[in-house]
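Thank you all for making the time this morning.

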Amino acid sequence: MKDSIVSLVFSIQSKMFTWVRIWLLLTVLHTLALAVVPRRERRNVLFIMADDLRTSLGCYGDSVVKSPNIDQLASKSKVFLNAYAQVSWCCICLCSEILPRGNLLKLCFVLSQQAVCAPSRTSMLTSRRPDTTRLYDFKSYWRVHSGNYTTLPQYFKSQGYFTMSVGKVFHPGIASNHTDDYPYSWSIPAYHPASFRYEKEKMCKGEDGKLHANLLCAVNVTQQPGGTLPDMESTDEAVRLLKTRANDDVPFFLAVGFHKPHIPFRIPQEYLGLYPIEQMTLAPDPNVPKLLPPVAYNPWTDVRKRDDVQKLNISFPYGPIPKDFQLRIRQHYYAAVSYMDAQVGRLLRTLDELGLANSTTVVFTSDHGWSLGEHGEWAKYSNFDVTTHVPLIFFVPGVTSCHDQLRESTFPFIDPLTQSKPIFKIDKVMRNMVELVDVFPTVSYMAGLKAPQPCPDISFQKELCTEGNNLAYTFQHQEQGQDEEAISFSQYPRPADTPQVNSDLPDLKDIKIMGYSLRSRDYRYTLWLGFNPKTFKVNVSDVHAGELYMLADDPGQDNNVYSDFEPSVMLTKMASLPHTVSLRRRMRLQLLYLSAGRKTGRRKA
């Protein structure tokens with residue numbers, strides 16, 4: 001009997017080992033199959049980035065703007081309604097000369113303006129937060145300054161993709177080693193439109209008939225040098241590059257960075273006709289909020305330096321712009337959006353005509369937003385929604401649009417100037433908070449690559465990892481209600497507690513205060529904390545000011561109720577937290593404390 005039992009056990013074990021071996025063999029074969037997926041099965045990527053584009057798009061509910069091509073893209077895409085940038089300081093480098101492709105992009109200054117686009121774009125393209133890249137101005141190359149972090153296009157290049165850059169993707173100049181991070185990120189040198197050299201020169205005809213360096217600069221394109229404008233040139237080059245890749249088996253990653261609607265509003269004059277001035281309205285909250293801490297206000301210095309704005313003789317820092325000029329600024333911004341939309345339409349039409357729409361993931365986003373008079377501000381140098389809230393749209397063929405739909409024309413061009421405003425159904429949306437650091441892992445996964453693994457909570461490791469989240473799960477599953485835990489985290493530096501000339505764009509050495517902000521579905525919570533630019537350390541006990549906005553009753557973030565919640569008591573409670581607790585986690589706990597206070601009636605009468 002005993003021998004029979006032993007034999008039975010060995011028989012079972014033998015069969016089990018056989019099945020285990022088969023299972024292991026199948027697993028290995030499956031892994032090898034994934035590793036050698038033919039390149040043609042990987043999706044191409046068309047990565048489109050606008051500059052200073054807030055969510056003033058039809059697909060985001062703006063009833064004024066005419067953005068038919070982006071709206072059409074959104075109708076066949078996953079649209080993230082609450083995507084936020086980590087930083088909102090970014091501005092065009094003012095250059096006197098851009099040399100031909102492959103040569104040095106010369107850096108310069110005009111009107112004493114600094115170019116600090118580097119922090120926001122570097123954060124998104126490396127999927128690392130600014131306190132990791134330690135990039136707070138434009139005067140450092142992150143690979144040398146903080147760490148040799150892998151970029152999004154560099155990762156695709158390492159996986160066999162042919163990577164190309166057109167227009168403003170990385171911030172040019174020192175911040176990207178005068179090469180737009182070539183050859184690390186790109187297979188060929190980055191392209192910059194030659195006409196950009198005129199962007200900040202006196203190209204705008206004034207009422208006196210002379211040329212000026214104006215903020216408002218609608219032009220006759222045929223009278224511009226070369227008969228073109230930067231975004232038109234960039235689109236031409238991107239179209240050319242798409243045509244060269246149409247029949248190539250090697251997958252491509254093409255990034256196209258449009259300059260508009262960034263100031264100055266040097267745009268084709270015909271787009272102003274889409275927005276009659278008599279139909280334009282002021283911002284719903286054009287005045288500086290009474291309880292806004294002075295440190296939170298940005299005095300829009302770069303706007304003030306334009307010739308047409310200087311003529312208005314506006315007092316510094318809070319002096320309001322005359323209402324008639326406010327309306328013209330808003331008119332020109334919307335016109336710039338429609339002009340940029342037309343370039344997006346040209347690009348998508350080419351993708352369609354070349355038969356690439358069914359094999360290319362398209363990502364559309366912006367580096368940050370821009371204030372159009374909200375809170376009395378006219379720029380992007382703050383932590384409010386109007387400057388951190390950005391569009392984020394993912395088109396994934398076969399996922400966001402079925403293949404049957406792609407047999408017909410996917411992206412026919414819609415001319416905003418001549419065609420009536422079409423209405424598209426936008427039904428694949430996500431309302432919970434996401435961040436631009438999420439783009440890297442998400443586009444990697446949706447294109448068929450392995451998404452980078454999450455970085456440790458507090459880490460400066462140089463290996464490939466992400467400080468964002470892979471949002472791939474949202475493409476297959478419908479959003480299940482409100483996620484109260486979801487937050488976005490942004491920041492902005494200041495040199496002083498009160499507005500001064502360099503408040504918008506301080507050099508690293510002048511940064512004394514860092515404003516950190518959490519945005520949830522119900523709240524925006526901001527702390528302005530002491531900052532040491534030599535050690536890159538923030539002092540969580542040195543609170544210069546605080547902001548708390550209840551978004552259900554105050555969507556415009558005009559009524560700061562921070563002082564109503566006895567913040568000193570809360571900060572005292574949080575002082576006992578270990579030093580290893582990250583600032584992001586600290587502020588999340590603080591927000592939970594403040595919101596609980598609201599729910600239990602601890603708010604003062």
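Before I place anything, one convention on naming: helices, of at least four residues, and strands, of at least two, are DSSP runs, and they are numbered from the N terminus. With that in hand, please keep in mind that what you see is a predicted model.

Let me begin with backbone geometry. Gln 557 sits in the loop that runs between strand S18 (537–550) and helix H14 (567–574), and although this residue is not a glycine, its phi is positive, at about 55°. Gln 557 is also buried, because its relative accessible area is 1%, where buried means under 20%. Trp 300 is another non-glycine residue with a positive phi, here about 40°, and the loop that holds Trp 300 lies between strand S9 (265–268) and helix H8 (301–304). With a relative accessibility of 0%, Trp 300 counts as buried.

There are also cis peptide bonds to note. One joins Tyr 182 and Pro 183, with omega at about 10°, and Pro 183 belongs to the loop between strand S4 (162–167) and strand S5 (204–205). Another joins Phe 316 and Pro 317, with omega at about 0°, and Pro 317 is in the loop that leads from helix H9 (307–310) to H10.

That brings us to H10 itself. How far apart are the end C-alpha atoms of H10? They are 45 Å apart, which agrees with the 45 Å that its 31 residues should span at 1.5 Å a residue. Of those 31 residues, 25 are buried, so H10 is largely enclosed by the rest of the structure. Just after this helix, Gly 355 takes a positive phi of about 75°.

Next, helix H2 (residues 68–75), where eight of the eight residues are buried, so that this helix, too, is largely enclosed by the rest of the structure. The buried residues of H2 pack against H10, and also against strand S2 (78–80), strand S10 (360–366) and strand S12 (392–395). In the loop between H2 and S2 we find Ser 77, which counts as buried because its relative accessibility is 1%. The side chain of Ser 77 reaches back to the backbone oxygen of Leu 73, at 2.5 Å. Ser 77 and Thr 400 are 323 residues apart along the chain, yet their C-alpha atoms are separated by 5.1 Å. Beyond its neighbours within four places in sequence, Ser 77 is in contact with Ile 393, Phe 394, Phe 395, Thr 400 and Lys 428.

Now a residue in another setting. Setting aside residues up to four places away in sequence, Pro 454 touches Cys 465 and Thr 466. From Pro 454 to Asn 470 is 16 residues in sequence and 8.9 Å in space, C-alpha to C-alpha.

Let me turn to strand S16 (residues 513–519), which contains Ser 517. Ser 517 is buried, with a relative accessible area of 0%, and its side chain makes a polar contact of 2.7 Å with the side chain of Arg 524. Apart from sequence neighbours within four places, the contacts of Ser 517 include Asn 383, Thr 526 and Met 587.

The lining of the second largest pocket consists of eight nonpolar, 10 polar and six charged residues.

Methods: Residues are numbered from 1 along each chain as its sequence is written. This is a predicted model: local features need pLDDT of at least 70, side-chain atom pairs count only at pLDDT 80 or more; totals for chains, interfaces and linings use all residues. Side-chain values use heavy atoms; hydrogens and water are left out. Ala, Val, Leu, Ile, Met, Phe, Trp, Tyr, Cys and Pro count as nonpolar, Asp, Glu, Lys and Arg as charged, and the others, Gly among them, as polar. Buried means under 20% relative accessible area, exposed over 50%, partly exposed in between (1.4 Å probe, protein chains only). A polar contact is a pair of N or O atoms within 3.5 Å; within protein, one must be able to donate a hydrogen and the other to accept it, and residues adjacent in sequence count only if both atoms are side-chain atoms. Contact means heavy atoms within 4.5 Å. The expected span of a helix is 1.5 Å times one less than its number of residues.
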